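This report describes one protein model in plain terms. Look at the sequence and the structure first, then read on.

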Amino acid sequence: MTQIETTLRSPDAYGLAHRVVDEMQACGVWPTPLNFELWLHYLSDPQGLLACEIKRLIAANEVFTEATSEMLAAEYLPRARLSDEIRDAGAVLNRELSSVAEAIATAHKSQAAYGATLADAAAGIETADGGARLKTLVTTLSSATRKIQGENATLEQKLEASTREVARLREHLEQVRRDAMTDALTNLANRKAFDEKLAKLCADADKGGQALTLAVIDIDHFKRFNDTWGHQTGDQVLRYVASVLNRVAKHPRVAARYGGEEFAMLFPGEFAPDVDAALNAIRNEIASRALRRRSTNDELGAVTISAGFAQRKRGETPSMLLERADEALYASKRAGRNRITDAETLLQAA
């Protein structure tokens, strides 16, 4: 049992619940069931990863929309759906394995009985002194052979059916794994998936020596969209930007929603000129379209993005690469936004 589960089953639970509601009210967060669960974990483990992320969002004056809460939950909470899916799949798999084990045990018994029948027949043939006795032995052997053939056929059918069921379960669990690594609002990879992919690509780059470039992308003045038009319209903007990123992020490129209005892209095997061209193509496409609010058809104006990117240096850790890309992003914002900055140009300027 986890620490939070222990607390919720003790007299301290009421005090914690009151603190959760007070903290949520102080931060302007609606007390939805999901938000309440997030704040329970946040206050129960103030030094944990979820707490650190919530503190960062609060410090940045981020608004806790439903999409933000879902993103935090997918990233940091042990989701019940995923647990149920895995548990159900495990139960079916155990049932299939038990059934196969039982069928194999039955087949072993049948093989042993057939062996005994053959041994008895062999002994009988040696002592048989007439045609009638031999005919009886042959009939017995034929009957035993037909029986073992039928049982073997049944076993094969059972094994084939179980193989199909296990393959179905494997596919289902793979889909569940993909869902757990996908941002619910944008359908891009979530932060957990991105962090895992970044770590793997860094390791692969060290082994093979290939290039790897990371870009961090931020929607300019996104808070103004939320404050002016509401969070649902803000979610519409997020989905629009994500759709453009998704079209550009063809394999082996990877696009992810990194947090709030921030996105990230990985460019395996690509160098600065190609990455700069791709990011500027994204920036130009996003800025070229005037968005409209779906509910009222009001014109929202153009959306712009700022981005920074860094080509990985050999031996550089994922966090070091991210830090350099972030610095390039901040340089884009300081320079007036709606622009792309290469981390290497900052180094040269310094």
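Of the 350 residues in the protein, 38% are buried; buried means under 20% relative accessible area, exposed means over 50%, and partly exposed lies in between, with a 1.4 Å probe and protein chains only. This is a predicted model, in which local features need pLDDT of at least 70, side-chain atom pairs count only at pLDDT 80 or more, and totals for chains, interfaces and linings use all residues. Residues are numbered from 1 along each chain as its sequence is written, and side-chain values use heavy atoms, with hydrogens and water left out.

The protein has 13 helices and seven strands. Helices (H or I, at least four residues) and strands (E, at least two) are DSSP runs numbered from the N terminus. Among contacts (heavy atoms within 4.5 Å) between residues at least 6 apart in sequence, 63% join residues at least 24 apart.

**Two helix pairs**

Axes are lines fitted to C-alpha atoms, for helices over the stretch in contact, and angles run from 0 to 180 degrees between N-to-C directions.

| Helix pair | Axes come within | Crossing angle |
|---|---|---|
| α8 (residues 191-208) and α12 (residues 318-334) | 10 Å | roughly 110 degrees |
| α3 (residues 33-44) and α5 (residues 66-76) | 10 Å | roughly 50 degrees |

Angles under 35 degrees count as roughly parallel, over 145 as roughly antiparallel, 65 to 115 as roughly perpendicular and the rest as oblique. Helices α8 and α12 are therefore roughly perpendicular to each other. Their contact is formed by L198, A199 and C202 of α8 with P318, L321 and L322 of α12. By class, this contact of α8 with α12 has six nonpolar, no polar and no charged residues. Here Ala, Val, Leu, Ile, Met, Phe, Trp, Tyr, Cys and Pro count as nonpolar, Asp, Glu, Lys and Arg as charged, and the others, Gly among them, as polar.

The angle between α3 and α5 makes α3 oblique to α5. On the α3 side the contact involves L34, N35 and L38, and on the α5 side S69, E70, L72 and A73. The residues in the contact of α3 with α5 are four nonpolar, two polar and one charged.

**Helix α10 and H231**

Helix α10 (residues 231-248) has 18 residues and spans 26 Å from its first C-alpha to its last, close to the 26 Å expected at 1.5 Å a residue; the expected span is 1.5 Å times one less than the number of residues. Its buried residues include T233, L238, V241 and L245.

H231 lies in α10. With 33% relative accessibility, H231 counts as partly exposed. Leaving aside residues up to four places away in sequence, H231 touches V63, T65 and N226. The C-alpha atoms of H231 and F64 are 9.1 Å apart, although 167 residues separate them along the chain.
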